[in-house]
Amino acid sequence: MKRTVFATILAVFGFVTCFGQNSDRQWLNQNYANDEKEYHNLDIHLPNAEKPAYKAIIVIYGSAWFGNNLKQTAFETIGKQLLESGFAVITINHRASSDAAYPAQINDVKAAIRFIRGNAVKYKIDASFIGITGYSSGGHLASLAGTSNAVKEFTVGKKTVNIEGNIGNYTSFSSSVNAVVDWFGPIDMALMDECKRPKDKNSPEAALIKGNPADNLDLIALLNPVTFIDKTDPQFIVIHGEADNVVPYCQSELFAKALKKRGLLTEFISVPEGQHGPVTFNDSTFKKMTDFFLKEAEKK
């Protein structure tokens, strides 16, 4: 991924700003960190079918971690399909790499999850099931949220990272998720260059950690969802296009293999001729996503 990828993602997925009003079916720009920062806002959409409460899916946009206000793009790209399937859909902003270094981004994701649990009654959420999905860098963050269930801090070598963080007013609530769909997310930043080596100091992951990946391998390991996999983690679907020229296809191959080894992989969906979004996003893969979440939600 290169910095110009951010502009490409906006062009591909379309940047749409939502000016709708809050109602009993949606709440826009709810601040989950209690700080009035736009990058800490989320939107909640409920299906039209009236129910006492709705199981929920959190959706995270892709931006090579450069974006901090693309939640409406995430709704247009993936969220609508989930809403039509009967889920409450929560699309979240998070801090960009220019706002703060890692682990700020996963701290934000976990704060948003805790906020939803802490306000479940207000927003008609059935918090017994919260799934999470995202594409590109959003897929990375969704995957990291899934594999770091119940993780507070973690150490690799000489580097310790606070994964959970203490953002917002709901730190007593769980940030665990119950199912994950990863759409072509980067996973191992030590192998982003053709799955052989890390990319250089000009890469998005370098911007994320504020340093050259090759010189910060302990921190790079703490970016990797595989580092945190254990028996507390939920089931995953991993989806990747074979013609993706932004995130190497082998990233998802490696991730799927690690998940399968631990019994956490429901399916690895490989899309022939699938690109970084186009072709990979299609009716079949969307149905795979919604069917998976529906099946996992039935278990709760």
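Guide: The structure holds 15 aromatic pairs, where rings of Phe, Tyr and Trp (its six-membered ring) pair if their centres lie within 6.5 Å, with planes under 30 degrees apart counted as stacked, over 60 as edge-to-face and the rest as tilted. This is a predicted model, in which local features need pLDDT of at least 70 and side-chain atom pairs count only at pLDDT 80 or more, while totals for chains, interfaces and linings use all residues. Residues are numbered from 1 along each chain as its sequence is written, and side-chain values use heavy atoms, with hydrogens and water left out.

Visitor: Which parts does the pair of Phe-236 and Phe-255 tie together?

Guide: The rings of Phe-236 and Phe-255 are 5.5 Å apart centre to centre, with 85 degrees between the planes, an edge-to-face pair. Because the two residues are 19 apart in sequence, the pair ties together strand E9, which holds Phe-236, and helix H7, which holds Phe-255.

Visitor: At what angle do the axes of H3 and H4 cross?

Guide: Axes here are lines fitted to C-alpha atoms, for helices over the stretch in contact, and angles run from 0 to 180 degrees between N-to-C directions. The axes of H3 (residues 104-118) and H4 (residues 137-147) come within 10 Å and cross at roughly 65 degrees.

Visitor: Which residues of H3 and H4 make the contact?

Guide: By class, the contact of H3 with H4 has 5 nonpolar, 1 polar and 1 charged residues, where Ala, Val, Leu, Ile, Met, Phe, Trp, Tyr, Cys and Pro count as nonpolar, Asp, Glu, Lys and Arg as charged, and the others, Gly among them, as polar. Taking contact as heavy atoms within 4.5 Å, the residues are Gln-105, Ile-106, Val-109 and Lys-110 of H3, and Leu-141, Leu-144 and Ala-145 of H4.

Visitor: How many residues of H4 are buried?

Guide: What covers the buried residues of H4 includes H3, strand E3 (54-60) and strand E8 (179-183). H4 is mostly covered, and its buried residues number 11 of 11.

Methods
Helices (H or I, at least four residues) and strands (E, at least two) are DSSP runs, numbered from the N terminus. Buried means under 20% relative accessible area, exposed over 50%, partly exposed in between (1.4 Å probe, protein chains only).
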